Amino acid sequence: MTTLGRIRALTSGRSGRLVPLLLFVVLVGYPVVFPFAIYEQGVLLLAFLLALMAVSWNIVSGFAGYVSLGHSVFLGLGAYTGGLLAEHFQVNPLWFMPVGGLVAFVAATLVGMVVLRARGHAFVIITIALLLAMQVLVNNFSQVTHGSNGVNVPLPTWSSDYQNMPFYYMFLALLAATVGFAAWVRRTKFGTGLLAIREDEDKAAAIGVNTTRYKVLAYAASAVPIGVAGVVYAYFLSFLNPIGAFSLLTSVTIVLSALLGGRGTLWGPVLGGFVVTIVTEVANVYGGGTDSRLLVLGLALVLVVLFLPRGVLPAISARLARRRAAAQTVEYTDQAGVASARTPIVVSPRSAPAAQTPGRTAAPLLEIRGAARSFGGLRAVDGVDLTVEAGSITALIGPNGSGKTTLFNLVTGAMSLGSGEIWFDGTRIDQLPPWERAHLGLGRTFQITRLFKSMTVLENVVAPLPTAGWGLMAKDAVSGHEAERARELLDFVGLGRFGAQQAGSLSYGQQKLVELAQVLMLEPKMILLDEPAGGINPTLINRMVEIIRDLNRQGIAFLVVEHNIPLVLDLCDPVAVLSRGQVIAQGPPSIVRADPAVLEAYLGPEWLPADPVPGPVLKPADLSVKGG
Ligand code: ADP
Ligand code: MG
């Protein structure tokens, strides 16, 4: 067997769990077999601690993609919590491990609720600021913390013969628990939501993921194991001072460990934590102290960023995947052949289609009143009034840049409304966050499809969350009723065979269909389709039309942006025309295509109906009916 083959055997399937298990057994046995390897035990327990912190960090910064550069603040918080309480009550600090975790949780939640509402770089800056602020605070609140004099934590009660062995086992147990916790998070809907946020936060919000809640909770969850470990760390050190406890260098080593091993993977941060601890220890011993350690760490960081941007484990598995792919024959995905494999489905929009209730006129499901939105001086949407009746397929057409996509963004909440009102199914929605609009039954697809490319097709389809429930977050990502429903929906769009494939490997048109199936998981009352037929082949266009008709018959309303005019005229009624951010015409297709303003602004003269009579086409037969 080649080396690579051996690695593959060890990292795939059941043996992927075997390697860590074996390693764990070896580490448990090590102090028993070598009870006098005191120094090695000391190094290893620091490796466990660093690995544990890197695994925790990975929950918010690897899974959700929000990088924290000050994560050691939770180690300091836990350590000071345990140390001060133990000193005050003169008891064993280990009693306060839960308190350490709680303090870290509360601190992360409070900070997260302030900064994680927003996107982008604010979070990174705040995490460092928090660390440095804690250093200063602890230094200055000396009545409580003894400032720079530090805290003397009660000494270990066990016989000094055992030295560090109890700490060794405590950190090893905490590491195992943290890996288990991270693995569980990754498996749940919460974990899938975090990956979705990392890949495309707007899209995640559009499919019902409460991104603020998820991010705050991820930050808090990533703080807890470190806070707990901090208490043990205080006991281990037996003396705390602000600079040492809230150390920026520790934060940097956490980040380096995760980046080196593979950010976003489960085992990468563990591997990285071990390697970084051992390398810095070697630098300490042979290089002469802190300076050389900084040099080695800095150099390592540069090398990782340059040559292993995704980390060691992802690099290995990518290599293995390439090998496997080369060895396999690739199944040719014949789109015409796939087209026949569609199976019908029953969708359940959350309200009965009002238009089909006898004796009732259609009710407006979506009502846009005076909507406006500017970008700088450009009025992209300029006072739009538009209604979509329940049960209708309404078209929104207009030249490029006329504001169609922007209007969609305003309706779904991806952009904030400048002025005006938007009502959906009797609720004013223009101030609601995107996920709440999704929970009301408003779904959308994107002009350029936005699937989560690192997930499989099936994972993509189960990702949407139709309600806001907390319990939902803890459920397995792909399981039970939802997984079954997702498979049905994939069959419905004719892509049942592709469930296990990476979403990014499908053709563009297939991705559009998957995105539609994804939206259907929300049990929407209405779907906004942004250019559903744009850039896809005629077979798939036909299928798309068939699917839209099918869903509409079952009560789902559509608002469709599309440039394929024959398709629009065939499928949609009514049609609204947007030009320079304003609705210039609205009505049945026959009227709109004859409107001079529409012809001038968008359609051009070739779309003038063959019948020269503009407006409602009244034939003698009609007149006689009216007359009679
Ligand atoms: P359509 O979908 O009808 O082609 P869009 O809604 O995408 O048009 O764009 C309408 C106008 O608003 C265009 O002039 C476009 O350049 C501008 N626009 C859209 N989004 C933004 C944005 N995020 N920032 C600045 N300008 C934008
Ligand atoms: Mg557009």
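Me: How many bridges join strand β3 to strand β4?
Reply: This is a predicted model, and in it β3 covers residues 364-375 while β4 covers residues 378-389. The two strands run antiparallel, with S374 standing opposite R379 of β4. As for the bridges joining β3 to β4, the count is nine.

Me: Which residue in the turn of the β3 and β4 hairpin has a positive phi?
Reply: There are two residues between β3 and β4 in this hairpin. One of the turn residues has a phi of about 60°. That residue is G376.

Me: Are α4 and α5 parallel or oblique to each other?
Reply: Two packed helices are described by the angle between their axes and the distance between the axes. Here the axes of α4 (residues 73-89) and α5 (residues 97-115) come within 8 Å and cross at roughly 135°. That angle is why α4 counts, relative to α5, as oblique.

Me: What is the handedness of the crossing of α4 and α5?
Reply: Look at where α4 and α5 touch: F74, L77, G78, T81 and L85 of α4 make the contact with V99, G100, V103, A104, A107 and A108 of α5. The crossing of these two helices is right-handed.

Me: Is H439 buried or exposed?
Reply: You'll find H439 in helix α19, residues 434-439. Its relative accessibility is 13%, and the cut-off for burial is under 20%. So H439 counts as buried.

Me: Which residue has its backbone oxygen 3.3 Å from a polar atom of the H439 side chain?
Reply: Stay with H439 in α19. A polar atom of the H439 side chain lies 3.3 Å from a backbone oxygen. That oxygen belongs to L465.

Methods. Residues numbered from 1 in each chain as written. Chains lettered and ligands numbered in written order. Predicted model: local features only at pLDDT ≥ 70, side-chain atom pairs only at ≥ 80, totals over all residues. Heavy atoms only, no water. Helix = DSSP H or I, 4+ residues; strand = E, 2+ residues; numbered from the N terminus. Buried < 20%, exposed > 50% of the residue type's maximum accessible area, 1.4 Å probe, protein only. Polar contact = N/O pair within 3.5 Å; in protein donor to acceptor, adjacent residues only side chain to side chain. Pairing = 2+ DSSP bridges. Axes fitted to C-alpha atoms, helices over the stretch in contact; angles between N-to-C directions. Parallel < 35°, antiparallel > 145°, perpendicular 65-115°, else oblique. Left-handed = near helix turned anticlockwise from the far one by under 90°. Contact = heavy atoms within 4.5 Å.
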